[in-house]
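Please read it beside the structure.

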Amino acid sequence: MMYAGSIASFLTIILLLANTAIADDSPQHGWRQSVMLDITTTQTSYSDSWAGGEAGSVNWVSNLNGSAEKQLFDWLDFKSTLKLAFGQTLTQDAEDKKWSKPRKSTDKIDWENVARFTLNKCVDPYVAFRLESQFYDGSVKEKKLFFSPLLLTESAGIARKFYSTEEDFITSRLGFGLRQLIRSAVDIDLERPDVLETVDSTLVDGGLESVSDITLSLHKNMQYVGKLTLYRALFFSRSDEVKGTETEDDWKAIDVNWENMISATVTR
């Protein structure tokens with residue numbers, strides 16, 4: 001398919017850039033790497049003497065945020081960013097005090113790769129590839145669907161670095177993006193409820209994408225990392241199917257994703 005070919009082309013470019021960096025005997029600069037990992041858990045419990053029907057709960061969530069960037073050549077900068085998150089919740093029945101099975105509360109996979117052609121001009125051309133998904137879809141407990149849905153975004157355009165120091169930077173890029181949303185769903189036959197079949201579908205759209213990244217040191221032991229993504233679709237592969245319905249213009253709405261994180265170092 002055409003979309004599979006475009007995905008393969010972007011993955012090939014990324015792998016070639018990575019291999020070039022490894023094979024380069026005299027790199028311009030070393031890799032700038034950053035990894036942040038956190039695990040948070042909360043737990044509540046009540047004795048039998050507590051009046052009010054309260055029930056206990058246990059929540060845990062783990063996050064991993066990592067990035068690696070390198071100036072491969074004087075004219076090419078490559079950056080890869082990976083964000084993973086997963087968490088579960090257990091609740092206690094208020095009557096018999098039995099604990100439920102763990103239920104997913106957080107699930108995220110976000111991997112982005114950006115190659116920026118640093119030509120020492122007002123703006124720099126770039127190509128990017130982004131993969132967004134989750135570890136599994138547990139909406140049907142009898143059958144888990146792993147890595148579904150899967151959103152792939154290939155984009156190209158112009159970028160500019162407005163501010164840059166050894167630790168901090170502010171960059172923004174604007175370009176055209178092509179997205180593929182690959183979804184899997186469980187089809188339950190009412191006549192044969194014991195038979196579960198997986199149905200796959202792919203939605204495609206293309207439009208304008210704006211991405212702004214910021215990393216600032218608020219204090220010598222405190223850092224702010226933010227990312228603002230705007231996407232406006234200009235065409236949709238199934239626009240004819242929703243024409244004349246109440247949702248015919250929903251795909252034209254601007255997708256906004258604003259991420260903010262503040263990290264602090266309390267010890268060495």
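1. Fold. The protein chain holds two helices and 12 strands. Both are DSSP runs numbered from the N terminus: helices are H or I with at least four residues, strands are E with at least two. In sequence order the pattern is α-β-β-β-β-β-β-β-β-β-β-β-α-β.

2. Basis. This is a predicted model; local features need pLDDT of at least 70, side-chain atom pairs count only at pLDDT 80 or more, and totals for chains, interfaces and linings use all residues. Residues are numbered from 1 along each chain as its sequence is written, and side-chain values use heavy atoms, with hydrogens and water left out.

3. Chain totals. Of the 268 residues in the protein chain, 31% are buried (under 20% relative accessible area, 1.4 Å probe, protein chains only). Among contacts (heavy atoms within 4.5 Å) between residues at least 6 apart in sequence, 59% join residues at least 24 apart.

4. On a 1 Å grid over the protein atoms alone, a cavity is a set of points where a 1.4 Å probe fits but cannot get out. A pocket is an open set with protein on both sides within 12 Å along at least five of seven lines. Lining residues have an atom within 4 Å of a point. Points are joined across faces, edges and corners, and a volume is the space filled by probe spheres set on them.

5. Largest pocket. Its volume is about 1100 Å³. It has 48 lining residues, with Ser67, Lys79, Thr81, Phe169 and Thr215 nearest the centre. Strand β3 (residues 76-91) gives the most to this lining, eight residues. The lining splits into 13 nonpolar, 17 polar and 18 charged. Here Ala, Val, Leu, Ile, Met, Phe, Trp, Tyr, Cys and Pro count as nonpolar, Asp, Glu, Lys and Arg as charged, and the others, Gly among them, as polar.

6. Second largest pocket. The volume is about 300 Å³. Of its 16 lining residues, Arg179, Leu203, Asp205, Phe236 and Trp251 are closest to the centre. β9 (169-188), β10 (196-219) and β11 (222-236) each supply at least two lining residues. The lining holds 10 nonpolar residues, one polar and five charged.

7. Cavities. How many cavities reach 30 Å³ or more? The count is two. β5 gives the largest share, three residues.

Note on methods: Buried < 20%, exposed > 50% of the residue type's maximum accessible area, 1.4 Å probe, protein only.
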